[in-house]
Amino acid sequence: EELLKFDWLQLRVGTVLWVSLTSIAVLSIVTLFWRGNNRLAALDSRCTTAAADIDVQLKHRHNLIPGLVETVRGYVGHENEVLIAVAQANAEALRASNLNTRLDAEMQLGNSINTLLQAAQKYPELKASSDFQDLRRQLIEVENRVTAARRFFNLATEEYNNQLGHFPSNIVARL
């Protein structure tokens, strides 16, 4: 019965202080790691969103390609190799199965579109066509949005990678 009685007043001040400081230290460490984990999760989510934004803009570009090819074909039928190159590059980009293949295919598609737009400059009737002007304007807008989305993705990825290099995020990431 005497063992069950505990007199809090008999505790030494040093013991109370040690327990308090240890509790504060453990709580601080747990909070630090918890915040580091939440920060990494938020940055990872930002990178995923930025990559999805790029995909949306690229899909919009892919949707414009068939109309562009058909519009140009109506005016410059003998420039078939340029039109075929654009159509093939578009198909390759849509079929790409992994990231590296897709990046290469999208780059090739961009180059093919630029070649097509340069070839179109030789045809005044085509340049004057309202359909062509509208598609050209939309392509330029999409390319600008793709560039902006890629810039945002690069910044988000850089921030994520920088966070991975800082304490305690580097430890949290390894765990």
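Modeller: Let's start with the word "helix": helices are DSSP runs of H or I with at least four residues (strands are runs of E with at least two), and they are numbered from the N terminus. Phe-153, for instance, lies in helix H5. Keep in mind that this is a predicted model, where local features need pLDDT of at least 70 and side-chain atom pairs count only at pLDDT 80 or more, while totals for chains, interfaces and linings use all residues. Residues are numbered from 1 along each chain as its sequence is written, and side-chain values use heavy atoms, with hydrogens and water left out.

How far can you trust it? pLDDT is the predictor's confidence in each residue, on a scale from 0 to 100. The protein chain has a mean pLDDT of 87, with 91% of its residues at 70 or more. Confidence is highest in H5, at 92, and lowest in helix H6 (residues 169–174), at a mean of 81. Where pLDDT is low, the predicted coordinates should not be read in detail.

Now the part I'd zoom in on: Arg-61 and its salt bridges. A salt bridge here is a side-chain nitrogen of Lys or Arg within 4 Å of a carboxyl oxygen of Asp or Glu. By that rule there are nine salt bridges. Arg-61 pairs with Glu-106, and their closest N and O atoms are 2.4 Å apart. That pair ties together distant parts of the chain, with Arg-61 in helix H1 and Glu-106 in helix H3, 45 residues apart. Both Arg-61 and Glu-106 are buried. "Buried" means under 20% relative accessible area, "exposed" means over 50%, and "partly exposed" is in between (1.4 Å probe, protein chains only). Arg-61 counts as buried because its relative accessibility is 2%.

Arg-61 has another partner: its side chain also meets that of Glu-143 in a salt bridge (2.7 Å, N to O). Here Glu-143 sits in helix H5 (residues 130–164) and Arg-61 in helix H1, 82 residues apart. Glu-143 has a relative accessible area of 26%, so this residue is partly exposed.

Asp-55 and Arg-102 join their side chains in a salt bridge (2.7 Å, N to O).

With 53% relative accessibility, Leu-21 counts as exposed. Together with Leu-17 and Ile-24, Leu-21 makes a nonpolar surface patch of about 310 Å² accessible area. Accessible areas come from the Shrake-Rupley method with a 1.4 Å probe, and for residues only the protein chains shown count as cover. Patches take residues with over 30% relative accessible area and no salt bridge, joining like charges within 9 Å and nonpolar side chains (Val, Leu, Ile, Met, Phe, Trp, Tyr) within 5 Å.
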